[in-house]
Amino acid sequence: MIPPKQGITASISSTARKIWFLYYDGFRQMTVGKTLWIIIILKVFVFFVVMKLLFFPNLLQRDFDNDSDRADHVREQLLKKDNL
């Protein structure tokens with residue numbers, strides 16, 4: 001027979017379980033909120049995908065043909081003294 005948990009681990013486990021069920025039950029009973037959360041998640045996903053594609057191009061892949069050239073360029077940039 002396994003003895004019941006005692007002390008702080010039982011209290012943390014119980015508190016974590018209560019918090020989980022609070023959110024789980026709240027999201028389960030939502031009606032309009034679910035639609036709003038889906039819209040928010042889609043907007044954030046699209047926003048970050050667009051930001052990545054437009055503003056953060058892969059310059060190393062564009063400018064260098066192989067991995068060793070890319071590694072040499074990064075090493076040179078990191079070791080530059082005037083790079084502040």
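In which helix do Arg28 and Asp25 both lie, and how many residues apart are they? In this predicted model, Arg28 and Asp25 are both part of helix α1, where they stand three residues apart, about one turn of the helix. The two residues form a salt bridge, in which the closest N and O atoms are 2.5 Å apart. Asp25 itself counts as partly exposed, since its relative accessibility is 28%, a value that lies between the limits of 20% and 50%.

The chain as a whole contains four helices and zero strands, and its pattern along the sequence reads α-α-α-α. The mean pLDDT of the chain is 84, and 85% of the residues score at least 70. Among the elements, helix α4, which covers residues 67–79, has the highest mean pLDDT, at 93, whereas helix α1, which covers residues 8–28, has the lowest, at 81. Of the 84 residues in the chain, 2% are buried, and the accessible surface comes to about 8300 Å², with 68% of this area belonging to carbon and sulfur atoms.

Another joins Asp67 to Arg70, with the closest N and O atoms 2.7 Å apart; both residues lie in helix α4, with a separation of three residues, about one turn of the helix. Asp67 is exposed, its relative accessible area being 59%. A further salt bridge links Asp63 with Arg62, and here the closest N and O atoms are 3.0 Å apart. Within this pair, Asp63 is partly exposed at a relative accessible area of 45%, while Arg62 is exposed at 60%.

Turning to the aromatic residues, the count comes to three aromatic pairs. One of these is formed by Trp20 and Tyr24, whose rings are stacked, with 5.9 Å from centre to centre and an angle of 20° between the planes. Trp20 and Tyr24 both belong to helix α1 and are four residues apart, about one turn of the helix. Trp20 is exposed, with a relative accessible area of 54%, whereas Tyr24, at 43%, is partly exposed. Another pair is made by Phe47 and Phe48, which are arranged edge-to-face, with 5.4 Å between the centres and 75° between the planes. Phe47 counts as partly exposed because its relative accessibility is 46%, and Phe48 counts as exposed because its relative accessibility is 55%.

Terms used
Residues are numbered from 1 along each chain as its sequence is written. This is a predicted model: local features need pLDDT of at least 70, side-chain atom pairs count only at pLDDT 80 or more; totals for chains, interfaces and linings use all residues. Side-chain values use heavy atoms; hydrogens and water are left out. pLDDT is the predictor's confidence in each residue, from 0 to 100. Helices (H or I, at least four residues) and strands (E, at least two) are DSSP runs, numbered from the N terminus. Rings of Phe, Tyr and Trp (its six-membered ring) pair if their centres lie within 6.5 Å; planes under 30 degrees apart count as stacked, over 60 as edge-to-face and the rest as tilted. Buried means under 20% relative accessible area, exposed over 50%, partly exposed in between (1.4 Å probe, protein chains only). Accessible areas come from the Shrake-Rupley method with a 1.4 Å probe; for residues, only the protein chains shown count as cover. A salt bridge is a side-chain nitrogen of Lys or Arg within 4 Å of a carboxyl oxygen of Asp or Glu.
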